[in-house]
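Dear colleague,

I am passing this structure on to you, with some notes below on what turned up in it. Please look through it first and then read on.

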Amino acid sequence: MLNYDIVIVGGGPAGLAAAVSAKRNGAESILVLERDKELGGILNQCIHNGFGLHTFKEELTGPEYAQRFIDQLLEENIEYKLNTMVLDISKEKVVTAMNRSEGILEIQAKAVILAMGCRERSRGALNIPGYRPAGVFSAGTAQRLVNMEGYLPGREVVILGSGDIGLIMARRMTLEGAKVKVVAELLPYSGGLKRNIVQCLDDFGIPLKLSHTVVDIKGKERVEGITLAQVDENRRPIPGTEEFYECDTLLLSCGLIPENELSRELGVEMSPVTSGPLVNESLETNVEGVFACGNVLHVHDLVDFVSQEAQAAGKNAAEYVLNGKKEGGKDIPIIATQGARYTVPKTVNPQRMDEKHVVRFRVGDVYKNCYVSVYLDDERIIHRKRPVVAPGEMEQIELKKEQLEAYPDLKEITVKIETE
């Protein structure tokens, strides 16, 4: 049995930042377990720029951003194992993993940080009728094929879903010589960042059709074309609005799901909204000594926020290993309502929290000229005007310890979107 202070599952942006932060906050022995053949996670295939503006105050590509953290990991002499798959985590924090060179490993950890990232929603989850021809890819798979393997998946492309990866692949496929005919989105608004719609679609003259979906895929061996139809407010196709597009490739960019099989088996309580763990202000789950950060917790829009969250998780895990669980105080639930879909964290303990604490959340619709409001029981303490809030962009508010401590009988904190 191997023994470590902290075991981190996942060597992507969240795992790397958590490891470096834990080491700098006093944890002695740290082990990062990564199932891929290199560190860096999904960033290795994100060769476009736009990363690092918050963290490093300069614009980097995905691999450059990852390399900054890999360099820090090596400077701190933090151990890591590649090509290593974690099979199980027990309540006693025994991590069972395997790789080809060492076989099955059992590792006893004092704290575990979950940083497994997220995966794409597959075609099977979308219920599109038709055969199963070649030429249907998730946008992330196409991104890996083009950017890392050097293959072009197709020449005439339709993209379903306007998540950030889909938008970026619309631009990428165009730059590689393919013709992107249309990007279709089921919802009445785009799921991606505004800047990606401008830079990836508008700048290349690619049409975006909102409230549309694919109702049929033509072709038995290879995709020959797809049929788009408009949908009503219940997201059902409207008969008579069908349009046929000839194409040889369909890319799916229909949302990301946190990778939480290990968390569920461990008995971690999950959020029905994010499909990620429910955590407190320390990013600790209901299983003592098990922390979560990054896209395994909730899907972020910017990697800089993943790194910030992971640094907090690493610091809190190191404190837990050195000093044990902080006792005292009471957990106050944060309730998301009236347009706010969820919050991370789900509870805060004013006695245990830092002087300032960032709460992140997403909204469920596009709201214009609205206010982001926070209530302590019935008293409003934040009322911030916003010209527009959208589901594709994460929102955040800051809670101050002194504010919360001024309400000793506080029962709940409410986050909502108001029109006045």
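A residue is called buried when its relative accessible area is under 20%, exposed when it is over 50%, and partly exposed in between, using a 1.4 Å probe and protein chains only. The model is predicted, so local features need pLDDT of at least 70 and side-chain atom pairs count only at pLDDT 80 or more, while totals for chains, interfaces and linings use all residues. Residues are numbered from 1 along each chain as its sequence is written, and side-chain values use heavy atoms, with hydrogens and water left out.

Helices (H or I, at least four residues) and strands (E, at least two) are DSSP runs, numbered from the N terminus. The buried residues of α2 (62-75) are G62, Y65, A66, F69, I70, Q72 and L73. They lie on the same side of α2, because they cover an arc of only 160° around the axis, the arc being that of the directions from the helix axis to the C-beta atoms. Just after α2, N77 takes a positive phi of about 55°.

The other site is N260, in the loop between β18 (256-258) and α6 (261-266). N260 counts as buried because its relative accessibility is 0%. Its side chain makes a polar contact (a pair of N or O atoms within 3.5 Å; within protein, one must be able to donate a hydrogen and the other to accept it, and residues adjacent in sequence count only if both atoms are side-chain atoms) with the side chain of S263, at 2.5 Å. A polar atom of the N260 side chain also lies 2.9 Å from the backbone oxygen of S275.

With regards
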